[in-house]
Amino acid sequence: MTRMLLVAAAVALIALPAAAQSRGPKREFVIEHTRAMSVTREVLVGQGYEVVRTEIRGNDRIVYYRRGNMGRGKGKGPLVKLIIRRTGNRVVFVDTPDRILLDVNVKLRL
């Protein structure tokens, strides 16, 4: 009986991390890609980034951005990209840092 309880507890502990992985910011939204672009630009500028350019490649919208100098005079950061991919009627954010994705998530829910 004790062994069965230990095995059940071990299985429960192993299953906990798998269940916790589904929580967190969602990367998929049912919106138009133009709204996703404008919200992404708004969030990036609000966090101190500079949007350098945007490109359209098929169903993907690629946003190139970099960190501004934040008033310190040390130059601007390296060029980074994020991808807004359109799949059917959904928009998926790819290669997006978590803190940017979190703000995009909040803005798109409002």
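Biologist: Which residue lies over the face of Tyr-64?

Modeller: A charge counts as over a ring if NZ of Lys or CZ of Arg is within 6 Å of the ring centre and within 35 degrees of the ring normal. In this predicted model, Arg-53 lies over the face of Tyr-64, at 4.2 Å from the ring centre. Arg-67 sits over the face of Tyr-49, at 4.4 Å from the ring centre. Residues are numbered from 1 along each chain as its sequence is written, and side-chain values use heavy atoms, with hydrogens and water left out. Local features need pLDDT of at least 70 and side-chain atom pairs pLDDT 80 or more, whereas totals for chains, interfaces and linings use all residues.

Biologist: How many aromatic pairs does a search of the whole structure find?

Modeller: Rings of Phe, Tyr and Trp (its six-membered ring) pair if their centres lie within 6.5 Å; planes under 30 degrees apart are stacked, over 60 edge-to-face, the rest tilted. The search finds 1 aromatic pair. The ring centres of Tyr-49 and Tyr-65 are 5.2 Å apart and the planes stand at 90°, so the pair is edge-to-face.

Biologist: Are Tyr-49 and Tyr-65 buried or exposed?

Modeller: Buried means under 20% relative accessible area, exposed over 50%, partly exposed in between (1.4 Å probe, protein chains only). Both Tyr-49 and Tyr-65 are buried.
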